[in-house]
Amino acid sequence: GQQERHRYIAQEASHGGSSVTGSLREVQPCGLEEVMVNCEFNQWNEWTECSTSCGFGWHTRDRRIVKFSSGGGKPCIGSTREEHPCHLSPCGGEQCSFSA
């Protein structure tokens, strides 16, 4: 459906006054309620390989928002990226040792 409203000129401009500007009739659609949409993530991607070949590094994985919230829906909660440490062998092949 549609909604319509009108305005009327109560008195025409005279003696140098300004005339009415804009439309005297407005029409807009109605009955179109906004649908509530909750935010959605896709599934997590696989963890990456360790970021380094030796020493300390990181595994990472990510996901994307595939549907943003609208109409009062729930927002996405949580991160789009996760990191996890990975400990490989020390670089240079040297092993750590402690002195007495």
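Biologist: What makes Cys-39 and Cys-76 a disulfide?

Modeller: The S to S distance of Cys-39 and Cys-76 is 1.5 Å. A disulfide is a pair of cysteine sulfur atoms within 2.5 Å. The pair therefore meets the definition. Before we go on, the ground rules. This is a predicted model, where local features need pLDDT of at least 70, side-chain atom pairs count only at pLDDT 80 or more, and totals for chains, interfaces and linings use all residues. Residues are numbered from 1 along each chain as its sequence is written, and side-chain values use heavy atoms, with hydrogens and water left out.

Biologist: Why is the link of Cys-39 and Cys-76 called left-handed?

Modeller: The angle about its S-S bond is -80°. Strands here are DSSP runs of E, at least two residues, numbered from the N terminus.

Biologist: Why is Cys-39 called buried?

Modeller: Its relative accessibility is 16%. Buried means under 20% relative accessible area, exposed over 50%, partly exposed in between (1.4 Å probe, protein chains only). So Cys-39 is buried.

Biologist: And what makes Cys-76 partly exposed?

Modeller: Cys-76 has 22% relative accessibility. That value falls in the in-between class, so partly exposed is the label.

Biologist: How do you know that Cys-50 and Cys-86 form a disulfide?

Modeller: Their sulfur atoms are 1.9 Å apart. Cys-50 sits in the loop between β3 and β4 (56-62), Cys-86 in strand β6, 36 residues apart. The torsion about the S-S bond is about 80°, so this disulfide is right-handed.

Biologist: Are Cys-50 and Cys-86 buried or exposed?

Modeller: Cys-50 is buried, at 16%. Cys-86 is buried too, at 6%.

Biologist: What makes Cys-54 and Cys-91 a disulfide?

Modeller: A sulfur separation of 2.0 Å. It passes the definition, so the label holds. Cys-54 is in the loop between β3 and β4, and Cys-91 in the segment after β6, 37 residues apart. With 100° about the S-S bond, the link is right-handed.

Biologist: Why are Cys-54 and Cys-91 called partly exposed?

Modeller: Cys-54 has a relative accessible area of 23%. Cys-91 has 44%. Both values fall in the in-between class, so both are partly exposed.

Biologist: How many disulfides does a search of the whole structure find?

Modeller: Three. Counting bonded cysteines along the chain, their pattern is 1-4, 2-5, 3-6.

Key: Helices (H or I, at least four residues) and strands (E, at least two) are DSSP runs, numbered from the N terminus.
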